[in-house]
Amino acid sequence: MTAILEPDAGQLNIVQTMLHGSVAFKTVAELDAHIAASPHEFAVVIGPSVDVDAAMSFAKWARVHRPDLGVILLRRTIDHEVLTTALRSGMREVVEANDLAGITTAVHRARSVASEIAKALEIESQAAASSAMAQAKADVAAAQAAADVPQGTVLTVFSTKGGVGKSLIAVNTAMALSDAGQRVCLIDLDVNSGDVAIMLQLTPPRTINDLVAFNGMIDEGAIESILTRHSDRLAIVAAPVRLDSPDHATAVDIGKMIDTLKIMFDFVVVDTSGVFDDNALTALDRTDTIILVATLDIPALKGLKLATGTLDLLNFPRDTWKFVLNRADGRVGLTTDEFESTLGLKADISLVSSREVLSAVNRGEALVRAYPSHPNSKAITAFARAFIRADDRDAAGTKSSGSRLRLRRG
C-alpha cells in the first residue's frame with residue numbers, strides 16, 4: 001500500500017488515480033498516525049503542495065526510524081538545489097508532479113527496495129536471535145561449570161580480645177586438617193602483628209601485600225606465587241613482615257584471593273586481627289564457619305559478648321559459629337557454666353592450661369604435632385576432623401556458604 005500526503009484536492013485526485021489502492025492524507029499529523037499503525041507500509045508520496053521543510057523533516061525521520069519506507073517527493077519543477085536537498089534529507093526519489101508514469105515507476109521501485117530491506121532485516125534478526133541463544137547457552141554452561149568446581153571450606157578464627165589463643169587455634173586447626181589428608185591454606189589477616197609464620201618456623205619470601213602487584217588480576221598463578229609452603233598439604237599466606245610497607249592489599253584483593261583459594265584447597269583457615277575491619281568482614285562474608293575464641297576471664301567475656309552482638313547485628317547466623325574456650329581450667333573465680341550462660345553459647349571444645357602449649361609455640365611447632373597425645377591436641381584434632389565429616393556431608397549438595405543468602409541489617 002502507498003500513502004499520499006497532499007492537501008490540494010485536485011492534485012491529490014490526479015496522483016491517487018495513478019496509484020490504485022493508495023490512502024491519502026492532508027496533514028503530516030495524519031500521515032504520522034498512519035505510519036505508526038502500519039508497519040508494513042512501503043512508500044509515501046509527498047505531493048507538490050506540501051511545504052518543503054515539512055517534507056524534509058518527515059524524510060529525515062523515516063531514514064532513521066523506518067529505513068524500509070521509500071519517501072518520494074513530487075515537485076512541479078526540479079532543479080539542482082531541490083534535488084540535492086531532497087536526497088540529503090533521505091528522499092528515495094524526486095519526481096516531477098506531472099510525470100505520472102515516473103510516479104508509478106518510483107512507487108514500484110520503492111516496493112522492491114522495501115522487500116529487500118525487509119528480507120535483510122529478517123535475516124539479521126534471526127542471526128541476532130541465534131547469537132543471543134548461543135550466548136545464553138554459553139552463559140548457562142559457564143555458570144554450571146563454575147558451580148561444579150569443588151569449593152573449599154572457609155573457617156575464620158575470630159576474637160576481639162588479644163592473648164586468648166586465636167592464632168594457636170588457627171595454626172593447630174590447619175595443621176590437624178592437613179595431617180588428616182586435607183589440602184589446607186592458612187591466611188594470616190593480622191596485617192599489623194600476625195605471627196602465624198613464626199609459630200610454624202617459616203620465613204615467608206612474599207606476603208599478603210604482594211597481591212598489590214597483580215593489579216586486581218588475582219588468579220591461581222598469582223596466588224601460588226605468594227604462598228609459603230609448610231608441607232605438600234599445608235601452605236600459608238603470611239602477614240606483612242614490615243609495618244612501613246608502601247603497598248597494602250585491599251579488601252577487594254583479599255576477597256578475590258579467598259575465592260581463588262577455595263578452588264585450590266580443601267580448607268581455607270583465616271586468622272584475623274581481632275577487629276571488625278574491612279579485611280575481617282571480607283573473610284567473614286565468605287566463611288562457612290566462624291570459630292570464636294575466648295579465655296576464662298571477665299575481659300575476654302566482655303570482648304566476646306561484644307563480638308557476638310556485632311555478628312548478630314551483621315546477620316551472621318549462629319548455626320555457623322563454633323566456640324573454643326581456652327584455659328578453661330583456670331581458677332579465677334569464674335566458672336565455665338557462668339561464662340557460657342552469660343555469653344549464651346556452649347563451648348564446642350575446652351582447652352586446659354599447659355606449659356606444653358607455650359613450649360610448642362616457642363619451638364615453632366604446632367601443638368598437635370609436637371605433643372599429639374596431649375589433651376589439647378586430641379581436642380583440637382577431633383574438632384578439626386568434625387569439619388571434614390561435615391564437608392563430606394555437604395559434598396552431596398550445595399555447601400552452606402554457597403547456598404546461604406545473608407542480608408546485613410542497618
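Trainee: Why is Asn315 called partly exposed?

Mentor: Buried means under 20% relative accessible area and exposed means over 50%, with partly exposed in between (1.4 Å probe, protein chains only). Asn315 has 24% relative accessibility and therefore counts as partly exposed. Asn315 is in the loop between helix 11 (298-313) and strand 12 (321-326), where helices (H or I, at least four residues) and strands (E, at least two) are DSSP runs, numbered from the N terminus.

Trainee: What should I know about the origin of these values?

Mentor: This is a predicted model, in which local features need pLDDT of at least 70, side-chain atom pairs count only at pLDDT 80 or more, and totals for chains, interfaces and linings use all residues. Residues are numbered from 1 along each chain as its sequence is written, and side-chain values use heavy atoms, with hydrogens and water left out.

Trainee: What makes the phi of Asn315 worth a remark?

Mentor: Most residues other than glycine have a negative phi. Asn315 has a phi near 65 degrees, a positive value in a residue other than glycine. Asn215 also has a positive phi, near 50 degrees, and its place is in the loop between helix 7 (196-199) and helix 8 (220-226).

Trainee: Is Asn215 called buried or exposed, and why?

Mentor: The relative accessible area of Asn215 is 67%, so Asn215 is exposed.

Trainee: How do you know where the buried residues of helix 1 lie around its axis?

Mentor: In helix 1, Gln11, Leu12 and Val15 are buried. Seen down the axis, these buried residues fall within an arc of 100 degrees (taken from the directions from the helix axis to the C-beta atoms), so they line one face of the helix. The face turned away from that buried side carries the exposed residues Ala9 and Asn13, while the cover over the buried residues includes strand 1 (2-5), strand 2 (23-25), strand 3 (43-46) and strand 4 (70-75).

Trainee: How many of the 410 residues count as buried, as a percentage?

Mentor: Of the 410 residues of the protein, 45% count as buried.

Technical notes: Contact = heavy atoms within 4.5 Å.
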